[in-house]
Amino acid sequence: MTSRAQKTSSNGSFMRSLASLITPLVLFVLLLPLTAYSLIVALTFGAADINLPLASLAIFTERAEPLVEQIIWQLRMPRTLLAFIAGGGLALSGLMLQTVTRNPLADPYLFGISSGAAVGVVLFVAFAGGSAAIAGHAISLSAAAFLGSLVSMSVLLLVSGSVMGRQVETMLLAGVALSFLFSAATSITLYFSDPQAISAVLFWTMGSFARASWSQLILPLVLLIVALLVLTAFRRQMTALLLGDESAITLGVNVNRFRLMMLVLSSLLTASLVAVSGGIGFVGLMIPHIVRLMISQSHGLTPCIVCLLGGVFMVWVDVISRVFMANEELPVGIITGLVGSIFFLTLLYARQRQGLK
Amino acid sequence: MVRVSIVHTTASTSLDSAPILSVEQLYWHANEKAILQDISFSIAEGEFVGLLGPNGAGKSTLLRCIYRFLSPSSGNVFFQGKNIWQYRQKDYAKALAVVLQESPAHFNLSVTDVVGLGLLPKSSVWHRTSKEEIIQINAALEQVAMLDKREQAFEQLSGGEKQRVLIARAIVQQPKLLVMDEPTSHLDVKYQIQIMELAKSLGITVLASFHDLNLASAMCDNLLILDNGQLVANGAPRKVLTTDMLSSVFDVCTEVNRHPQVDAPHITYYYGYRENGHD
C-alpha cells in the first residue's frame with residue numbers, strides 16, 4: 001500500500017514538475033526552430049530525389065541545377081508553405097470558433113463552410129464540363145469554392161442574425177442544418193454528373209496541396225496574419241467569453257459585436273483555405289485542444305503557438321501524403337483524420353485512466 | 001477656519017447622501033408578460049443592500065437590468081446620476097463589478113487567468129500585464145485566501161472557491177459598486193458566511209441577492225423585497241423582516257426575534273402549516 005501510494009505521489013510530482021516546465025515561452029521557443037527545420041526538410045521529400053544539401057543550395061544560392069531549382073521553388077516550396085498556412089489557419093480558426101461558441105467540439109467547418117465550398121466546386125465542374133475543367137482552371141475553381149463558402153456563411157449569419165448574441169445553440173444548430181442542406185445539394189449535382197467529375201470532386205473534398213502556387217498563397221496568408229494579430233490583441237476578450245456571455249458583458253466586452261467579428265474572420269480564413277486545398281478535417285478541432293492541455297488559453301503567446309503547431313503538423317502530414325505511396329498521392333484529409341482520431345482517442349483514454357486513479 | 005470646515009462637512013454629507021445607484025419606475029417584459037413592474041429605489045454610497053424574494057420574483061432580472069445585460073422596457077437606471085446606458089460599456093465595467101451565481105468554465109483556465117480578467121476594462125488591446133498588476137492580482141487572491149491555488153484550474157475548484165475567485169476578480173476590477181446574484185446558493189453554511197463577510201470587508205457599495213433571509217438580515221444595512229415583479233418593501237432589516245411580510249411574500253409561518261450576537265432580526269420558521277395548500 002505504502003509503496004504504491006509513494007509511487008503515485010512521486011509520479012504525480014514528476015508530472016507536475018514536467019508540466020511546470022512547459023511554459024508558453026518555452027513552448028514558443030521550442031516551436032520556432034522546429035518550424036524552420038520542418039519547412040526546409042519537407043522540401044527534400046517527393047518523387048524527385050533531392051537531398052538536403054541540394055535543396056539548401058537551391059534555396060539559399062543560385063548555383064543549383066535549373067531542374068532542381070524549379071522543383072524546389074515552383075512546386076515544393078509553395079506546396080509546403082500552403083500546408084503550413086493551412087495547418088496554422090485551420091488551427092486558429094478552430095480556436096476562434098471553440099472560444100466564441102464555448103463548444104469544445106467546434107471546428108472550422110462548423111457552419112457549413114466546407115460543404116458550401118463543395119457546392120461551389122461541384123456546380124462549377126458541372127457547368128464548366130467535366131474533369132478537363134479541373135485541370136485547366138485551378139484559379140476559377142478556387143474562386144467557385146470561395147464563393148460557395150461565402151454564400152453558406154452569409155446564409156448562416158442571416159438565419160441566426162437576430163438571435164446571434166444570446167443563443168449560441170441556435171447558431172450551432174443552424175450551422176449543422178446548413179451543412180446537411182449543402183451536402184444534399186452537392187450530392188444531387190454529383191448524381192447527375194459524369195464519373196470522372198465525381199472522382200475529381202471526391203479527391204478535392206478530401207483535401208490536397210498538390211495544386212499549390214505562389215499566387216494562391218497570398219489571400220490565405222494575409223487572412224492568417226490578420227487572425228493572428230486579432231487573436232493576440234483580443235486575448236482578454238476571448239478569455240472573458242469562456243466564462244459566459246453575461247460575465248463578459250459585465251467586464252465591458254461588446255459580446256455581440258465581438259462574436260460577429262470572430263465568426264466572420266474565422267469563416268473568411270477557412271473559406272480561403274478550403275478554396276485552395278479542399279476540406280481537411282480534424283486539424284482545427286485537435287490542435288487547440290492539444291495546446292490547451294499544455295498551457296493556458298489566455299496567454300498572449302497561445303495564438304502563435306496554436307498557429308505554429310498546426311502548421312508544423314500539416315507540413316508533415318503533407319510529407320506523408322507525398323511519400324506514402326510511390327507515384328501516387330494520398331489525400332491529406334485522410335491522413336489528418338487517421339492520425340488525428342487515433343491520437344485523440346489515445347489522449348482521451350489516457351485522461352480517463354488518470355481520472356480513475 | 002471654522003467656516004471652511006463647516007462648508008466642507010456639508011459638501012461631504014451632501015455627496016454621501018447622493019445615491020450611487022437609483023432605479024426609477026423600471027419595467028421589464030418578457031413576451032408581453034411583465035416580469036418587473038414599477039420598481040423604484042436608490043442605494044447610497046457604502047451601503048450593503050440585500051435583494052430578497054421567492055423564486056421567480058424577478059431578482060435576477062432586476063440585477064440584469066442594473067448590470068446592463070438586459071435593457072428595461074421602460075424606466076431608467078442611474079449610476080452616479082447618469083443613465084447607465086449613456087456610459088461606454090468599458091467605462092461602466094470599470095465602475096461596476098458583478099459576481100454571478102454560476103460561471104460556466106471550459107478550456108483549462110487557471111485561477112490567475114480568471115482573476116486577471118478583472119483588469120480587462122482598464123486594459124487597452126496591446127497592453128501587456130505589468131508587474132504591478134500581477135502584484136494586484138496576487139493581493140486580491142491573498143484577500144480571498146486563494147493565493148496558494150493560483151495556478152490551479154478554475155473548473156476544478158469547489159463552488160465556494162470559485163465564488164471567492166470571482167470576488168477576487170471583482171476586487172481587481174476596483175469597482176464602486178459590487179453586484180452579486182445569489183453568490184451563496186449551493187454553498188456550505190461556512191462558505192455562505194465567509195463569502196458575505198468577504199464582500200462586506202471590501203468597504204464598497206454592495207447589492208446582492210440572497211436566499212438565506214437570516215444571513216441577509218445579519219449582513220445588510222438595507223433590504224429590498226421583491227414579490228411577483230414588484231417591490232413590496234424597502235428598508236432596514238428590523239423594519240422589513242416582519243412575520244406579516246414573511247407570511248404574505250414567502251408564504252411561511254415564522255417568529256422574528258433578535259439575533260443573540262448581532263443587532264439584527266432573526267427568523268425562526270415553524271413547520272407543519274399547510275393553510276394555503278403549500279408545505
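pLDDT is the predictor's confidence in each residue, on a scale from 0 to 100. The structure described here is a predicted model, in which local features need pLDDT of at least 70 and side-chain atom pairs count only at pLDDT 80 or more, while totals for chains, interfaces and linings use all residues. Residues are numbered from 1 along each chain as its sequence is written, and chains are lettered from A and ligands numbered from 1 in the order in which they are written.

The model scores ipTM 0.83 and pTM 0.83. Chain A has a mean pLDDT of 80, with 86% of its residues at 70 or more. Two residues are in contact if their C-beta atoms, placed from the backbone, lie within 7 Å. For chain B the mean pLDDT is 83, and 90% of residues reach 70 or more. Residues 1-15 of chain B stay under 50 and have zero contacts beyond four places in sequence. Where pLDDT is low, the predicted coordinates should not be read in detail.

Chain A contains 16 helices and zero strands. Of its 357 residues, 46% count as buried, a residue being buried if 20 or more other C-beta atoms lie within 10 Å of its own, exposed if 12 or fewer, and partly exposed in between, with C-beta atoms placed from the backbone. Among contacts in chain A between residues at least 6 apart in sequence, 78% join residues at least 24 apart.

Helix α4 (residues 66-101) and helix α10 (residues 214-233) of chain A pack at an angle of about 35°, their axes being 10 Å apart. Axes are lines fitted to C-alpha atoms, for helices over the stretch in contact, and angles run from 0 to 180 degrees between N-to-C directions. Residues of α4(A) in this contact include Leu81(A), Ile85(A) and Met96(A), and those of α10(A) include Trp214(A), Leu221(A) and Leu231(A). The contact of α4(A) with α10(A) comprises 14 nonpolar, two polar and no charged residues; Ala, Val, Leu, Ile, Met, Phe, Trp, Tyr, Cys and Pro count as nonpolar, Asp, Glu, Lys and Arg as charged, and the others, Gly among them, as polar.

Phe282(A) is found in the loop between α13 (255-277) and α14 (283-294) of chain A. Its phi is near 75°, a positive value in a residue other than glycine. Phe282(A) counts as buried because it has 20 C-beta neighbours inside 10 Å.

In chain B, four strands form an open sheet in the order β2-β1-β4-β5, with antiparallel pairing. Two strands pair if DSSP finds at least two bridges between them. The edge strands, β2 (33-44) and β5 (82-83) of chain B, each pair on one side only. Strand β4 (residues 74-79) of chain B is joined to β5(B) over two bridges, and Phe79(B) stands opposite Lys82(B). Elsewhere in chain B, β11 (residues 254-258) and β12 (residues 265-269) pair in the antiparallel sense over five bridges, and a hairpin of six residues joins β11(B) to β12(B).
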